[in-house]
Amino acid sequence: MRAPISVVIPVLNAEKQLAHCAAALIEGVEAGLIRELIVTDGGSTDETQLVADEVGAVWITGAASRGGQLKRGCVAARGDWILVLHADTILDAGWSVEVATHLNSSDTRYFTLAFASGALPARFVAGWANLRSRLFGLPYGDQGLLISRALYERVGGFQDMPLMEDVAMARTLRGGLRPLKTRAVTSATKYETSGWIRRGSRNLLTLLRYFAGVPVEKLAASYRKP
């Protein structure tokens with residue numbers, strides 16, 4: 001019996017993060033859950049591909065657009081389930097046990113968010129994100145996504161968009177998303193660099209503008225400004 005899960009990770013100059021993300025997935029390989037790791041690149045200029053090769057990943061490359069990268073990666077996936085993760089996210093030990101118990105259901109799952117920081121703002125932002133996910137069914141990409149291939153194809157998959165592809169998918173799956181207890185510990189670097197309040201406020205404003213109908217290309221250009 002083939003392992004059921006294809007892991008798909010979008011990357012762009014992620015040489016420093018990818019190895020740590022992949023290391024946390026080894027227990028899934030040992031448990032017979034992971035069939036393949038697909039790294040879908042958006043034009044990296046560092047050693048990301050070398051790291052991907054070292055961990056035995058399938059390498060896919062194309063234009064830089066996280067939605068497009070995810071779309072290409074999921075099209076290439078051969079597993080009955082797809083697990084989408086960000087390269088700067090590390091799953092807590094024991095994740096494979098919890099995930100295995102849910103593979104007989106049709107539920108789509110996401111992980112509980114935590115930041116790689118013990119600071120109070122980090123706990124506050126993660127707490128709000130987890131509450132928002134439960135109340136409104138809007139987990140972000142940092143929380144991962146475990147979805148059956150059949151459902152993924154039925155809802156049309158990820159949209160080729162530079163930003164908000166995770167929110168678009170969550171809205172499509174509204175009512176069918178359930179949390180896992182396992183934590184997805186994501187990097188706090190962007191928040192620590194920009195400031196927790198500033199970064200959090202910008203994320204919220206971007207989300208509200210997206211709901212208001214602002215084109216994602218315009219949102220992406222604004223979001224990436226220092």
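Modeller: Let us begin with one rule: buried means under 20% relative accessible area, exposed means over 50%, and partly exposed lies in between, with a 1.4 Å probe and protein chains only. This is a predicted model, in which local features need pLDDT of at least 70 and side-chain atom pairs count only at pLDDT 80 or more, while totals for chains, interfaces and linings use all residues. Residues are numbered from 1 along each chain as its sequence is written, and side-chain values use heavy atoms, leaving out hydrogens and water.

Biologist: Why is Tyr 210 called buried?

Modeller: Its relative accessible area is 15%. The rule asks for under 20%, so Tyr 210 counts as buried.

Biologist: Where does Tyr 210 lie, and which residues does Tyr 210 touch?

Modeller: Tyr 210 lies in helix H10. Helices (H or I, at least four residues) and strands (E, at least two) are DSSP runs, numbered from the N terminus. Contact means heavy atoms within 4.5 Å. Not counting residues up to four places away in sequence, Tyr 210 touches Met 161, Met 164, Val 167, Ala 168, Arg 171, Val 216 and Leu 219. The C-alpha atoms of Tyr 210 and Met 164 are separated by 7.9 Å, although the two residues are 46 apart along the chain.

Biologist: What makes phi of Met 164 worth a remark?

Modeller: Phi of Met 164 is near 70°, a positive value in a residue other than glycine. Met 164 sits in the loop between H7 and H8, and is buried at 10% relative accessible area. Asn 13 also has a positive phi, near 55°. Asn 13 belongs to the loop between E1 and H1, and at 36% it counts as partly exposed.

Biologist: What makes a group of residues a nonpolar core?

Modeller: The members must be buried Ala, Val, Leu, Ile, Met, Phe, Trp, Tyr or Cys residues, joined through side-chain atoms within 4.5 Å. The largest such core here has 31 residues, and Ile 82, Leu 145, Phe 158 and Tyr 210 touch the most other members. Elements giving two or more residues to this core include helix H4 (66-76), strand E4 (81-84) and strand E7 (145-148). Another core, of 28 residues, lies apart from it, with Leu 18, Trp 95, Phe 111 and Ala 184 among them.

Biologist: How do you know that Arg 183 and Asp 92 form a salt bridge?

Modeller: The term needs a side-chain nitrogen of Lys or Arg within 4 Å of a carboxyl oxygen of Asp or Glu. For Arg 183 and Asp 92 the N to O distance is 2.7 Å, so by the rule they meet in a salt bridge. Arg 183 lies in strand E8 (residues 177-186) and Asp 92 in the loop between strand E5 (89-91) and helix H5 (95-101), so the pair ties together parts 91 residues apart in sequence.

Biologist: How many salt bridges does the structure hold?

Modeller: There are five. One of them joins Glu 153 and Arg 149, with the closest N and O atoms 3.0 Å apart. These two are four residues apart in helix H7, and so separated by about one helical turn. Glu 153 is exposed at 51%, whereas Arg 149 is buried at 18%.

Biologist: What makes strand E2 mostly covered?

Modeller: Seven of the eight residues in E2 (residues 34-41) are buried.

Biologist: Which residues of helix H1 are buried, and how do you know that they share a side?

Modeller: In H1 (residues 15-23) they are Leu 18, Cys 21 and Ala 22. The arc is that of the directions from the helix axis to the C-beta atoms. These residues cover only 95° around the axis, which puts them on the same side of H1. They pack against E1, helix H2 (26-30), E2, H3 and E5.
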